[in-house]
Amino acid sequence: MAQNMAVINKPKTSLAKHLYKNRWLYLMCIPGLAFLIIFKYIPMYGVIMAFQDFSFKKGIFGSSFNNFAHFKQLFNSGKFWNVFTNSIVLSMLKLLINFPIPILLALLLNELRVKWFKKVTQTFLYLPHFMSWIVLGGIVNNFLSMNDGVINDLIVMLGGQKINFLGSNEWFRFVIIATNIWKEAGWGTIIYLAALSSISPDLYEAATVDGANRWQKIRHITLPGIASTVVITLVLQIGGLMNNGFEQIYLFQNDLNIQVSEVFEIYTYKIGIVSGRYSYSTAVGLFKNVIGTILIFSTNRITKKLGGATLF
Amino acid sequence: METVKKVSVKQTTHIKRGPDDYAVAGVSYLITGVFALICFIPFFLVVLYSFTPYDLYLKNHFDFFPERLTLDAYRMVIDYGYIWTGYRNTLIITATGTILSMLLLVVTAYPLTRREMKGRKLITALWVFTMFFSGGMIPEYFLMRSLGLLNTRWAMILPGMLGCYNLILMRNYIDGLPDSLEEAATIDGANDLVVLVKIILPLCMPILATLGLFTLVGYWNSYFSAIMYTTKRTMWPLQLVLREIVFEGSAAEMEAAGAADENLTSPFLLRMASIVVATVPIMCVYPFLQKYFMSGLVLGGVKE
């Protein structure tokens, strides 16, 4: 009888029982969930500001909606399209130049057989990744100086003309791309090296026995072996086409190159935090975010359709 | 690791090398070697220049054995008070941030690996969404403001404390651990917290060391949150102080202070020395980083 009672009661109390039995598991979730909600989702709620004439006095709940006025203003503003173009041009350059370099570098590193040489090379290649942008930017800023910079003096020594790398529209993108290669190209090889090391050596041996030459081995074994890693990195890179990061570009920006150096991150910072146009700045940020999200989901879908590796 | 070693020995001894092999090897050594040197030389030059008297530097930028060396720049940097408040702030931010970050990481990742926990798919999805979409700069600034955290060190610790990427790495790592130990402990009557602390945590040390070092370097190097959330100079982390010295006029300011001692050093030397002083701690952890970063940090999909 007592047993029957327990069976009948079970559905009613099972959730409570389950919660009690696993109480520690659920308690453990609290800090992480609190963090997630407070620092990730509450700011997402804050994007409502982009659709309001936000004022401090009234707050998000009291401020009135303004019928997309900020977005209308945005799309009609020349400055906004300048920022948009600058961001896209820079990240497209990174996609074309900075994306393939680590792949090539990893393929070359994979050919190195002398242990100490490989170790020293990798130590040097990874080092810049662990330096801050301030340190790297500081070095570049001083070495490219027109007065006593090493690079310009070297150019003069070789019979050239001094170049105003830091104070011109023409050279700004070059400096950004080059410093970005310096910091991240070596580090970027790591995921490809991991993929390369997981290719079975038996494949190469079998190919050698079958009389395959070097290039055939690279084409038919090495490249297919890293293809899925390349695709995943590419999806992430395309998803990030709207992002250029704040820390690097902010250091190299000045009045002389502002025509090409104003990108989304810096523009939202300037109009929002510095000038206090909160709603407008949030609208700019939201636009950038939405485009970024669409990009990543569509590239992921395309690679899925093509039957390749996908991110999720 | 053992098998990899054996394999590479086998390849070099048993397989005959043709001319195309030598061509590929030659190109590989040349390009990687040159690339590595280009990456490294600037750091070498910074250290060299920080010890070279300015007049000798002007005479020849590529004199690797200058006839005189000087410590003047270092003396001035060490006397510059803001370097030390910066160091103090950065040390506090980095230490607190890294420890809290690792604690939060373990405690958040572990429940997500337990099949019996309801809602774990939802929580994972909510985290993954944050990889693609965020509130953006201004709403985040308002959050800090309304929490009353502007001009505090917490504003530089909290925002970056847990990211989705690390969470997924950690979750996958715990998922890969054998279930048997966990089950044995549960049968012995240990609750989930005890299982986490006594059984899971010790097994997670390798990945915690890896992610911990990366988090540490991240806190040490970042300056964006400091620019966003602080206006007081006493709250500045080291990187902001360094930025002011290297990019703006405070090398000249230091020089003006030093002029009283009739101990004039060029701003260029001061900048080089400041970079070295600010970078020493990273150089100290770099060997440890190298030991860990190849282990287990392989990019995979987000999917389960």
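In the predicted model described here, chain B contains 16 helices and 0 strands. Of the 304 residues that make up chain B, 33% count as buried. Where contacts in chain B join residues at least 6 apart in sequence, 75% of those contacts link residues that are at least 24 apart.

The domain assignment divides chain B into domain 1, covering residues 14–70, and domain 2, covering residues 80–293. The centres of domain 1 and domain 2 of chain B, taken over C-alpha atoms, are separated by 32 Å. Contact between these two parts of chain B involves 5 residues of domain 1 and 7 residues of domain 2. On the domain 1 side of this contact, helix H2 of chain B, which spans residues 19–51, supplies the largest share, with 4 residues. By class, the residues on that side of domain 1 of chain B are 4 nonpolar and 1 polar, with no charged residues.

For chain A, the domain assignment gives domain 1 as residues 1–40 and domain 2 as residues 69–305. The C-alpha centres of domain 1 and domain 2 of chain A lie 47 Å apart.

The contact between the two chains takes 81 residues from chain B and 75 residues from chain A.

Within chain A, helix H10, which spans residues 169–197, and helix H12, which spans residues 214–239, have axes that come within 8 Å and cross at roughly 155°. The crossing angle makes H10(A) roughly antiparallel to H12(A), and the crossing of H10(A) and H12(A) is right-handed. On the side of H10(A), the contact is made by A:Ile191, A:Tyr192, A:Ala195 and A:Leu196, while H12(A) contributes A:Gly225, A:Ile226, A:Thr229 and A:Thr233. By class, the contact of H10(A) with H12(A) has 5 nonpolar residues and 3 polar residues, and no charged residues.

One of the residues in this contact, A:Gly225, can be followed individually. A:Gly225 has its place in helix H12 of chain A, and with 18 C-beta neighbours inside 10 Å A:Gly225 counts as partly exposed. When neighbours within four places in sequence are left aside, A:Gly225 is in contact with A:Ala195, A:Leu196 and A:Ile199. Between A:Gly225 and A:Ser200, which are 25 residues apart along the chain, the C-alpha atoms are separated by 9.3 Å.

The backbone of chain A also has positive phi values to describe. Most residues other than glycine have a negative phi. The phi of A:Asn67, however, is near 60°, a positive value in a residue other than glycine, and the phi of A:Phe68 is likewise near 60° and positive. A:Asn67 lies in the loop between helix H3, residues 59–62, and helix H4, residues 69–75, of chain A, and A:Phe68 is also placed in the loop between H3 and H4 of chain A. With regard to their surroundings, A:Asn67 counts as exposed because it has 9 C-beta neighbours inside 10 Å, whereas A:Phe68, with 13 C-beta neighbours inside 10 Å, counts as partly exposed.

Notes. Residues are numbered from 1 along each chain as its sequence is written. Chains are lettered from A and ligands numbered from 1 in the order in which they are written. This is a predicted model: local features need pLDDT of at least 70, side-chain atom pairs count only at pLDDT 80 or more; totals for chains, interfaces and linings use all residues. Axes are lines fitted to C-alpha atoms, for helices over the stretch in contact, and angles run from 0 to 180 degrees between N-to-C directions. Helices (H or I, at least four residues) and strands (E, at least two) are DSSP runs, numbered from the N terminus. Angles under 35 degrees count as roughly parallel, over 145 as roughly antiparallel, 65 to 115 as roughly perpendicular and the rest as oblique. A crossing is left-handed if the near helix is turned anticlockwise from the far one by less than a right angle, and right-handed if clockwise. Ala, Val, Leu, Ile, Met, Phe, Trp, Tyr, Cys and Pro count as nonpolar, Asp, Glu, Lys and Arg as charged, and the others, Gly among them, as polar. Domain bounds come from an automatic or database domain assignment. A residue is buried if 20 or more other C-beta atoms lie within 10 Å of its own, exposed if 12 or fewer, and partly exposed in between; C-beta atoms are placed from the backbone.
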